[in-house]
Amino acid sequence: MLTVVAPVNLSTPCTLIYCIPILLAALWFPLQAFRVTVILVTGFVLGQTYLSILGSPVAPLLVGLHALLFFWVFGAVTLFSQDSYLTASHCRKILENNRDARFLCEPEGLRVICASKKFVDMLGYTPAELVGISLEKLWSNETDRARFVQEMKSEGYIGNTETIFYTKDGDTLRVLLSCRALAGEGLFECNVVDCGRFRDESDDLLMSDSRLNEFVRQTNDVFFMQDTSGRILHFFWARAPEYGLDPDELTGRDLGAIVPEDIARQHMAQVWKVINERKDVRYSLDLTIGGLQHTFSVNLCPYIGAGGSLMGVIGSARDVTESRRQRLACRQLSWEVDRWKRLTTTLSHELRTPLQPLIGYLQLILDDPGYYGITPKTESILKVCLDCAIQEQAVVERAVELSVFATDHIDLNIQNIALRDLVNSVIARGGYEREALIRNEIPDDVHIPGDAGRLAVALECLISNAVRYNDPPKEVWIRYRESPENHYIMVCDNGRGIPKEKIRSIFDPFYIGDACDQDQQVDGADPPLSIANKYVRLHGGEITVTSQVGKGSTFMIRIPKEV
C-alpha cells in the first residue's frame, strides 16, 4: 500500500519504499519474490516514463540505477538469509519443531528448502549440508520417487507411504512419508517417521509373544475364555490329550456339554458373579477326569473389549491335587511329630518309674551286703544287675534327650568365647583332674564364636570319654590349632583306643560301648557322643576321630570362624 501511494520520483526515501514489498516477498514467499521484484521494477520504470512524457525532469541513468538497486535487494535477501530460501514464518517454525521430522521441498527438482533438526539428525547431515539437496539423492528407489511426484501433482497429498531414504553414511533408512502441497507458497511439506524402530519393536513383541506361548505350552495350567452366555471361545491345556480332550472340539460349545451339570452350574455361578460385579473371582473346583479325582484352583476375571463393553470372562485353572496332598501329608507329619513327643514323654515316665526303685534297692543292699546276709557270689551277681540297670537308665535318658533334640527347634546364643577358660570350667565341673593328668595346652588369647553352653556339653563328652575309657596312668591333652577358615579343638588320650570297625558306630544315638561290662563304670549323667556331634553340627562344624588300639584316641572338633 505504501508503494502505491508513494510519490513517483527519484528521491532516496521514495525509492526505498519500493524495497519493502521486495523484502517481505523474499522472506515470506521466496519462490514469488523475483516475480514481485520484476512487477515493481516494471511499474517503477513505467511511472518514470509517464512523468517524463508529462514534462517532468527524469534522469534515465538514475532510473536504471534504482532498478538495479531493487534487484540487488532481492538478491541480497535471498542469498544471505539464515539458510538458502529460509523464510521467517513457516520454515522457521518447522526448524523450531524438534519433536517431528519435517522438511519443505520444491515441486520442481524436489530440492530441500528447509528441514527440522530431527529430520537432519535422522539422516546424519548438518542443516547446511541438507538444505539444497535434491530428494533424488536421498531416495534409494526410483519407482518410489516417480510415484511420489505423480501423486503429489495429481492429488496434492500422500499419506503414510513406506519408502527408503539414504543416510549421509550410505545406510538405508526405512521411513513412512506423508506430504501435502502448500498452495500459497508453492512448496511440499513432508513428515517423516522412522518405521525401522517400529519394526524392531514389532520383532521384539513377536519374540516376547513367542516366549509367552512357549511358557503357556510348558505349563500344566488350563487357560480358557467364555462369552457372557458361557460358551467357550478359547481353550488351551497342554495335558488335554492325556485325558482324551480336543481343544478344537471344545471351542464354541457350552460348558454343560463337557462337564457334569452340577459342576457347570457351580462354575457358571462364579462366571455370572464376575460379569455382574466386574471383579476377579477365585474358587476351588473338584472334577473327575479320566477316572481320577482332581482339584483345580480357578481364577476368573472380566474381559473388556476395545469399546469398553464386557465381552465375557478370561480364566485359568491350576491342578492343585498334588499340592493339596502334600499339605495334607505335612499336616499328618506334624500330627505324627506331636504324637511322637507325647509317646516319648509317656515312655520315659513309664520306664523311669520301675528303674528308680530297682537301682535304689540294689545300691542299698550292696552298700552293706553283710547286714542283709549276702554271700560274695550273690554280691557279684547283684553288682552286674546294678550296672545293667544304670545302663538301662542311661538309655532311657538318652532317648528322651534325643527325641527332644530332633523334634524341637534349637536357637544358638552365639558369643565370643575364651576357649581356654571354657575348657578349664568343664574340667573343674567334672572333677576329671582327680582321675587323670589333664594338660590344657590352649593359649590364653584364643577366642572362638559359638554357643558356650552347647560347646561345653560337647567338650565334656569328649573329656569324660578320654578319662573313662583309659587305664592308669591316665593322661589327656587338650590342644588347639587354626586355619584361615576354621578353629580346631583336639582332645587326645593314651587310653585303650577304638577298633576300626567300631569308630563309625560311636556316634550312633544308642551306642554305649560294651554293655554290662563289670570293669566299665557307667555314668548316666555324661552326654553321649551323638549329642555332642549334633551340637557341633549346629555350629556348622563336625567331630572326627583317629584312634589306635592300645595307644589312645584323638577327637577333633572343627568350628568355622564364621558361625
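The face of helix α10 turned away from its buried side carries the exposed residues Thr143, Gln150, Lys153 and Ser154, where exposed denotes over 50% relative accessible area, buried under 20% and partly exposed in between (1.4 Å probe, protein chains only). The model is predicted: local features need pLDDT of at least 70, side-chain atom pairs count only at pLDDT 80 or more, and totals for chains, interfaces and linings use all residues. Residues are numbered from 1 along each chain as its sequence is written, and side-chain values use heavy atoms, with hydrogens and water left out.

**Overall composition**

- The protein chain has 19 helices and 17 strands; helices (H or I, at least four residues) and strands (E, at least two) are DSSP runs, numbered from the N terminus.
- Of the 563 residues in the protein chain, 38% are buried.
- Among contacts (heavy atoms within 4.5 Å) with a separation of 6 or more, 55% join residues 24 or more positions apart.

**Helix α10**

- The 13 residues of α10 (residues 142-154) should span 18 Å at 1.5 Å a residue, and the end C-alpha atoms are 18 Å apart, which agrees; the expected span is 1.5 Å times one less than the number of residues.
- Asp144, Arg145, Phe148, Val149 and Met152 are the buried residues of α10.
- They cover an arc of only 135 degrees around the axis, which puts them on the same side of α10; the arc is that of the directions from the helix axis to the C-beta atoms.
- An α-helix has 3.6 residues a turn, so residues three or four places apart point the same way.
- The buried residues of α10 pack against α9 (135-138), β3 (157-166), β4 (172-182) and β5 (187-194).
- Gly156, which follows α10, has a positive phi, near 75 degrees.

- Helices α16 (residues 419-430) and α17 (residues 452-468) pack at an angle of about 55 degrees, with their axes 10 Å apart.
- That makes α16 oblique to α17; angles under 35 degrees count as roughly parallel, over 145 as roughly antiparallel, 65 to 115 as roughly perpendicular and the rest as oblique.
- Axes are lines fitted to C-alpha atoms, for helices over the stretch in contact, and angles run from 0 to 180 degrees between N-to-C directions.
- In this pair, Leu422, Val423, Val426, Ile427 and Arg429 of α16 meet Ala452, Leu455, Ala456, Leu459, Glu460 and Ile463 of α17.
- α17 also packs with α19 (residues 529-538), at an angle of about 145 degrees and with the axes 9 Å apart.
- Here Arg454, Val457, Ala458, Cys461, Leu462 and Asn465 of α17 meet Leu529, Ile531, Ala532, Tyr535 and Val536 of α19.
- α19 is mostly covered, with 7 of its 10 residues buried.
- Just after α19, Gly540 takes a positive phi of about 85 degrees.

**Loop residues**

- Val446, in the loop between β12 (437-440) and β13 (447-451), is buried, with a relative accessible area of 8%.
- Leaving aside neighbours within four places in sequence, Val446 is in contact with Ile417, Ala418, Leu419 and Tyr480.
- A cis peptide bond joins Pro472 and Pro473, with omega about -5 degrees; Pro473 lies in the loop between α17 and β14 (475-482).
- Arg278, in the loop between α13 (261-277) and β8 (281-289), is partly exposed, with a relative accessible area of 47%.
- The phi of Arg278 is near 55 degrees, a positive value in a residue other than glycine.
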